[in-house]
Each structure stands twice: as structure tokens, then as C-alpha cells.
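The sequence and structure come up next.

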Amino acid sequence: MLPERPWRTAASLARDGAGLPDWPAEWRASALARLDEAGMPDGSDEEWRYTSLTAWGQRWSDYLAAAGQPAAITLPAVPSMQPGSVARPAAIHVQVVNGALLTQTGATPPGLFVGSLRQLPPELRGRAAELLGKSAGLPPEQLVDLNSALVSDVILIGTDAGTSFDGLPVHIHLQGSGSPAFSHPRILVDVARSSRLTLTIEHSGADGMLANAVTQAWIGHGAHLDLVRVQSLPDDGMLTDTSHIDLAAAASARITSVDLGGLLSRQSMTVVLAGAGSSATVDGLFLADDRRHIDNRTLLEHRAPGTTSRESFRGLADGHGRGIFNGKIIVMPGAEGSNAALSNRNLLLAATAEIDTKPELEIYVDDVKCSHGATTGQLDANALFYLRSRGLDPAAARQVLTAAFLREALGHIALPELRERLEARLQEKLGGGVRHP
Amino acid sequence: MNSPLLQVAGLRVAVGGKEILTGLDLTVRAGEVHAIMGPNGSGKSTLAHVLAGREGYEVTGGSASYRGQDLLAMAPEERARAGIFLGFQYPIEIPGVSNVYLLRSALNARRAARGESEIDAAGFLRLVRDKARLMQMDESFLQRGVNEGFSGGEKKRNEIFQMAVLEPTLAILDETDSGLDIDALKVVANGVNSLRSAERSFVLVTHYQRLLDYIRPDFVHVLAGGRIIRTGDRTLALELEAGGYDQVLAAAAS
Ligand SMILES: Nc1ncnc2c1ncn2[C@@H]1O[C@H](COP(=O)(O)OP(=O)(O)O)[C@@H](O)[C@H]1O
Ligand SMILES: [Mg+2]
């Protein structure tokens with residue numbers, strides 16, 4: 001059982017925060033105070049209707065009970081950490097273990113900052129403090145506050161106005177060690193006016209891990225962010241992952257979210273189209289096979305005129321897995337002339353699996369074009385027969401159709417190697433030795 | 001006399017409790033081209049589907065053997081690997097699975113069944129390029145999803161392209177000619193004719209005799225009421241063209 005106010009116990013145990021600059025102390029204290037006030041969400045909360053935090057709380061309590069003992073750190077290898085030459089790196093890799101920056105490879109060129117709050121140049125501190133301060137009140141509040149209160153590091157990625165780093169992707173590898181560990185990775189992304197950034201965030205770790213990640217991103221006037229989020233936790237890993245992405249006028253974001261692993265994974269993604277003419281595309285894929293519970297909540301908020309969003313999630317549930325998609329579009333007063341399209345398509349491959357999907361539209365202006373829809377079905381019998389009539393055995397035919405269905409969600413990933421790696425992983429997970437050419 | 005490649009005897013097939021084929025006989029020997037003609041709803045596609053192994057059909061009587069083997073006991077993929085090819089009346093769109101991927105998987109499935117190794121990349125590429133040229137298909141079609149966004153005519157052409165690559169022993173082509181303009185019809189007929197050989201047989205299911213101007217059949221059968229009611233040479237097709245099915249049906253009934 002969790003102690004009363006477990007965040008207090010955790011905060012008193014956490015020595016990890018040591019070494020952070022003084023100024024986040026107040027911010028952390030206020031998050032703790034809000035937690036004292038609000039407590040943890042319980043089953044009566046609509047937000048948590050589909051995902052119970054019981055198992056999550058149990059793992060947290062195991063962690064608190066074991067805290068103070070040295071954790072045996074076992075971690076998967078960080079994939080493709082080839083930084084290229086020092087002068088012209090092909091990519092920047094940042095390895096974050098249990099919430100703290102451990103290694104960084106690839107030199108950052110002028111105009112790009114990638115690093116820990118501990119290394120932050122003084123001239124950037126004001127901006128970082130301002131952005132962190134904005135997290136108070138962001139939903140889901142308790143998880144964001146828990147992260148703020150217990151954070152042991154903050155990873156920052158920032159660009160200068162007018163710069164472009166399309167050819168230099170930044171890969172953040174968030175890893176949780178097991179045995180057990182509860183980590184609170186925190187990422188701040190600041191894409192300045194008229195600049196461009198390509199970023200990937202991958203969640204992984206060792207069995208027994210539990211992580212509560214928060215990412216805040218600001219995309220300035222006319223700027224662009226390409227973001228790929230990959231959840232590839234070990235089979236018993238648990239993750240709550242919150243992201244808030246805020247777009248200024250004429251800014252754009254292209255986001256792909258991929259959930260492939262874990263026992264319990266709950267994502268809350270909020271995209272705010274705050275500036276006129278801003279646009280976002282969000283693609284998602286989740287593979288709730290085995291005993292996985294994967295819950296995706298997304299909110300797209302149109303707050304300014306002429307904003308555009310297109311969101312498409314593809315999901316699969318098999319075995320005893322459960323996939324949840326809860327996607328909401330809100331078109332606020334003032335967002336005239338906006339366009340929004342939301343779709344969720346799912347494959348339900350076993351009677352013991354479950355899919356819950358709930359696309360929602362909330363529109364407060366007349367002059368908008370919105371569409372939303374969701375389907376859950378099985379593989380098409382005609383397509384299966386077609387493939388078998390060409391000589392594919394039933395298992396191969398099912399695997400080919402399943403992979404093709406899910407692969408559509410990866411089509412907007414700008415980095416070819418990443419897309420291919422994810423396609424291969426997908427193929428592997430679907431049990432096929434058949435590789436797509 | 002060589003033993004038949006395909007022998008269908010007294011075949012009865014029901015769909016959803018309704019009997020569609022009511023005792024059908026058909027014998028196809030190696031190298032022969034058979035045309036099966038008949039009015040809409042007479043059971044032509046049902047026959048083609050049952051021979052290819054599609055689920056949802058209940059065989060209530062009779063038999064079908066292929067190279068002396070019980071065809072009806074074989075799974076669809078086993079039939080395909082044994083050399084049977086069905087050209088669909090309504091080819092299926094499969095987004096996300098490219099034409100070349102399907103063909104490579106299909107070829108390798110056949111090779112694996114024969115204990116052969118996978119086809120090498122260069123040989124495969126040469127093969128599909130040659131056959132695409134034969135079917136006057138742009139190479140860009142190879143990388144596209146199977147039939148994805150293809151026009152009706154392109155889908156039919158793609159079926160024959162697949163057949164050309166897979167080189168079946170028995171090709172059953174279900175109304176491959178319908179919906180084709182005259183140029184496309186010639187391309188399709190040319191594809192079929194180029195594959196004709198002493199070892200390969202064809203069953204052409206068609207509603208119109210037009211196709212038979214370009215592919216000369218050895219036999220023409222009239223399928224009506226779930227049975228073959230008349231068999232003749234290609235002049236029977238011309239008779240059907242001139243008099244319509246009604247006349248032939250009436251003659252058969254009397
Ligand atoms: N799945 C099905 N369920 C019920 N009836 C069917 C089904 N498929 C075909 N039929 C019926 O079987 C008969 C023969 O159909 P089909 O073989 O498609 O004819 P053809 O190809 O000669 O036009 C028709 O009356 C058709 O309505
Ligand atoms: Mg038909």
C-alpha cells in the first residue's frame with residue numbers, strides 16, 4: 001500500500017534533484033503543495049475511466065519500500081547511437097536514465113541547445129523558468145505536478161529564431177531502470193520563431209520500470225516541429241506520458257505517436273493551436289497485444305482563426321490486450337474558418353481483447369469544417385482469401401494485412417531510417433519473418 | 001489419352017442454404033482452353049470460387065479432382081501452390097501491400113512448397129519487369145498497393161499480370177473481359193495467348209463472346225441453372241451471340 005501523501009515520502013527520499021539549480025526549488029514546492037491539496041486521481045474521475053491506477057500505485061509503493069537500497073541498473077542498448085563525425089554529426093543522441101541525463105553524443109551547432117538544466121547557459125535560464133512555470137494546472141494535473149515535484153533533471157532542446165535543423169535530428173532516449181524504479185523524465189522544447197526542429201522521444205527501459213514523463217513544447221511564429229514519440233517499454237513496464245504542444249501563429253507540427261510495448265501505458269497529448277493559421281497533423285499507432293493496456297487520450301484545441309488539424313490513429317488489440325483511444329477536438333470561440341478531421345480505425349483480433357474508442361467534437365463556432373469517425377473491425381475476409389488464392393498461408397496473409405493496416409500510421413515520419421526501423425519492429429512484433437521490401 | 005488436369009463431376013454447391021450448382025460436369029485436359037458462358041446469376045463465379053477454395057460455399061454433392069487429387073480437400077493456398085490461379089471478377093484492393101511484395105511472397109510460397117530456396121532479387125526484378133512490359137503496365141504500378149486506386153480496367157490487367165508472373169498450370173479467369181475497352185481487351189488476350197502451352201490450361205468465364213474473338217477456345221460450355229447444359233466448339237459462342245441465351249436455353253429445355 002502507498003503511504004499517505006506518497007509524493008512527500010518520495011520527495012524526502014529523492015537526492016537525485018541535488019545538483020539542479022536553486023531556482024526550480026520553489027516551482028517544485030508549489031507542485032508538492034498542489035498535490036497535498038488534490039491527492040491522486042481515483043476511479044470516480046472520468047479522466048481515468050478506462051485506466052485504473054491501482055497496479056501503478058502498487059509499483060510506486062514497491063519502489064518507495066525499496067528506495068534507499070542501491071538499484072541494480074540494467075538497461076537495453078540505445079539504438080543507433082552513431083553520432084557521425086564530431087564536426088558534422090548526423091544526429092544528436094541524448095540518453096536519459098531514470099529522468100537524468102547520462103550521456104549525450106553529437107556536437108550541437110550554433111543556434112541549437114540540447115542538454116540538461118544543469119548545463120544551461122545563464123542567458124537561457126529565464127526562458128526555461130518561464131516555460132516550466134507554465135506547467136501549473138496543465139492536465140492531467142496530478143501527474144504533471146507529480147513530475148514537477150519529483151523531477152531529478154530537465155532536458156532542454158531549444159532553437160534560435162530562423163535556424164533549421166531538419167538534417168540534424170535530436171533523439172532523446174528515456175530509459176527507466178528496473179528493480180524497481182520510478183522516474184520522472186521532463187523535457188522542454190522551445191522551437192523559436194521561423195525555425196525548424198526534428199525530434200524523437202523514445203521510452204524504453206528494463207522490467208520493473210515505472211515512469212511518469214512530461215514534455216512541454218512551444219512552437220513559435222512560423223516555426224515547425226517534427227516529433228516522433230515511440231513507446232517501446234519492456235513487457236512489464238509502466239508509463240504515464242503527458243505532452244503539451246503549443247503552436248503560435250503560422251506554426252506547424254507533424255507528430256507521430258507509436259505504442260509498441262509495456263504492460264500499462266497511458267498517454268495524454270494536448271495540442272493547442274493558439275495562433276492564427278497554425279496547423280498540426282497527428283498520426284498514431286498502438287499495438288495492444290498480449291496483456292498490454294494502452295490508453296491514448298488526445299486533445300486538439302483550436303483557439304485561433306484559420307487553424308487546421310488532422311489526426312488519425314490506428315490501433316490493434318489481440319490476446320488479452322486492451323486499447324483505448326479517446327480523441328477530442330475542441331473548436332473554441334474565435335477559431336473561425338478552422339478545419340479539423342479526426343479518425344480512429346482499429347483491428348480487434350481476439351474475442352478476449354478489447355478496444356474502446358471515443359472520438360469527440362466540441363464546436364463553439366459556426367464557420368468550421370470538422371469530421372470525426374471511428375471504426376473497429378476484423379481483417380477483411382475478401383482480402384484474406386485474395387492473398388491465400390495467391391499462395392500465402394493464412395498466418396502470413398493475416399500478418400501481411402495487419403502490418404499493412406498499421407504501417408499506414410508511419411507514413412508521415414520524415415526520417416527514413418526511423419520509419420524503416422519501426423516498420424521492422426512492427427513486422428517482428430506481428431510475428432512475421434516476412435519482411436516488407 | 002492423357003488423364004484430365006481438372007475433373008468436375010456432378011458438383012452440387014449451395015450458398016446460404018440455396019443450391020447454386022446443381023450437378024455440374026467439366027473435364028479440362030492439359031493445354032486446353034475452355035470458355036464457360038452463361039447468363040448473369042447462373043453460377044459462373046460460384047464455380048470459379050469453389051474451384052479456388054473460397055469459404056462460404058457448401059459442397060452438397062459431387063467431386064472435383066485436380067491432377068488426380070481431391071481438389072475440394074485442399075486449402076486455397078495449397079491449390080495456388082499446386083498451380084491453380086483465379087483471376088477475380090472483382091479484384092480486391094489491398095492498400096499498404098505493394099504488388100511486388102505480394103508477387104514475391106506468392107512466388108516464394110510456391111518455391112517453399114517445392115522445397116526450393118527464395119527467388120533471388122535480380123531474377124525476380126527481371127521477371128516482373130518482363131511481365132509488366134508484356135501487359136503494357138507502367139513500372140510504377142509495381143510499387144503501388146495491390147489494386148489500390150486502380151481503374152476497373154487496370155485491376156483486370158493486373159490480374160493477368162499476376163498470372164503471367166506466377167505461371168499457373170490451370171488459370172480460371174472470371175469475367176476478366178468485362179469492363180475492358182477494346183485496347184485493354186487486346187492486351188489481356190495477348191497476355192493469355194502468350195502463356196498458352198501444351199501444359200497449361202485455361203477456364204475462361206465470360207458473359208460475352210467478344211473475348212473469344214481474341215482467345216480461341218477449344219470448347220465452349222453454356223452454364224445455366226447451375227449445370228452445363230450444352231457443350232460445343234467456338235461456333236457455339238457465335239450462336240449464343242446471334243440468338244441470345246434464351247434461344248439456347250429454350251432449345252436445351254425442349
Ligand atoms: N454469398 C451469397 N449468398 C447468397 N447468394 C449468393 C451468394 N453468392 C452468389 N449468390 C447467388 O448465387 C447465384 C449465382 O451467382 P454467381 O455465381 O455470382 O453468378 P454469375 O457469376 O454467373 O453471375 C446468384 O443467384 C447469386 O445471387
Ligand atoms: Mg460472376
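Below is a short tour of the domains, the chain interface and a couple of residues.

## Ground rules

This is a predicted model, so to speak of local features we need pLDDT of at least 70, side-chain atom pairs count only at pLDDT 80 or more, and totals for chains, interfaces and linings use all residues. Residues are numbered from 1 along each chain as its sequence is written, chains are lettered from A and ligands numbered from 1 in the order in which they are written, and side-chain values use heavy atoms, with hydrogens and water left out.

## Two domains in chain A

Chain A comes with two assigned pieces, domain 1 (6-380) and domain 2 (381-437); the bounds come from an automatic or database domain assignment. Taken over C-alpha atoms, the centres of domain 1 of chain A and domain 2 of chain A sit 27 Å apart. The contact (heavy atoms within 4.5 Å) draws on 31 residues of domain 1 of chain A and 23 residues of domain 2 of chain A.

Together these two domains of chain A bury about 2,300 Å², with 68% of it on carbon and sulfur atoms. Buried area here is the accessible area (1.4 Å probe) that two parts lose on being put together, summed over both. On the domain 1 side, A:R314, A:L379 and A:D380 lose the most area to domain 2 of chain A, together 28% of what that side buries.

## What holds the domain contact

Two salt bridges turn up across the interface of domain 1 of chain A and domain 2 of chain A, a salt bridge being a side-chain nitrogen of Lys or Arg within 4 Å of a carboxyl oxygen of Asp or Glu. The side chains of A:R421 and A:E202 also meet in a salt bridge, at 3.2 Å from N to O. Between the two domains of chain A there are nine residue pairs in polar contact, both at pLDDT 80 or more. A polar contact is a pair of N or O atoms within 3.5 Å; within protein, one must be able to donate a hydrogen and the other to accept it, and residues adjacent in sequence count only if both atoms are side-chain atoms.

A:D283 lies in strand β14 of chain A; helices (H or I, at least four residues) and strands (E, at least two) are DSSP runs, numbered from the N terminus. With a relative accessible area of 3%, A:D283 is buried (under 20%; exposed is over 50%, partly exposed in between, 1.4 Å probe, protein chains only). The side chain of A:D283 makes a 3.0 Å polar contact with that of A:H412. Leaving out residues up to four places away in sequence, A:D283 touches several others, including A:I255, A:R310, A:F313 and A:A409.

## A:A424

Over in helix α8 (residues 416-429) of chain A we find A:A424. At 25% relative accessibility, A:A424 counts as partly exposed. A:A424 and A:A403 are 21 residues apart in sequence, and their C-alpha atoms are 9.9 Å apart.

## Where chain B meets chain A

Chain B puts 32 residues into the contact and chain A puts in 22 residues. The two chains bury about 2,100 Å² between them, 63% of it on carbon and sulfur atoms. Three salt bridges cross the interface of chain B and chain A. B:E159 and A:R390 form a salt bridge, with the closest N and O atoms 2.8 Å apart.
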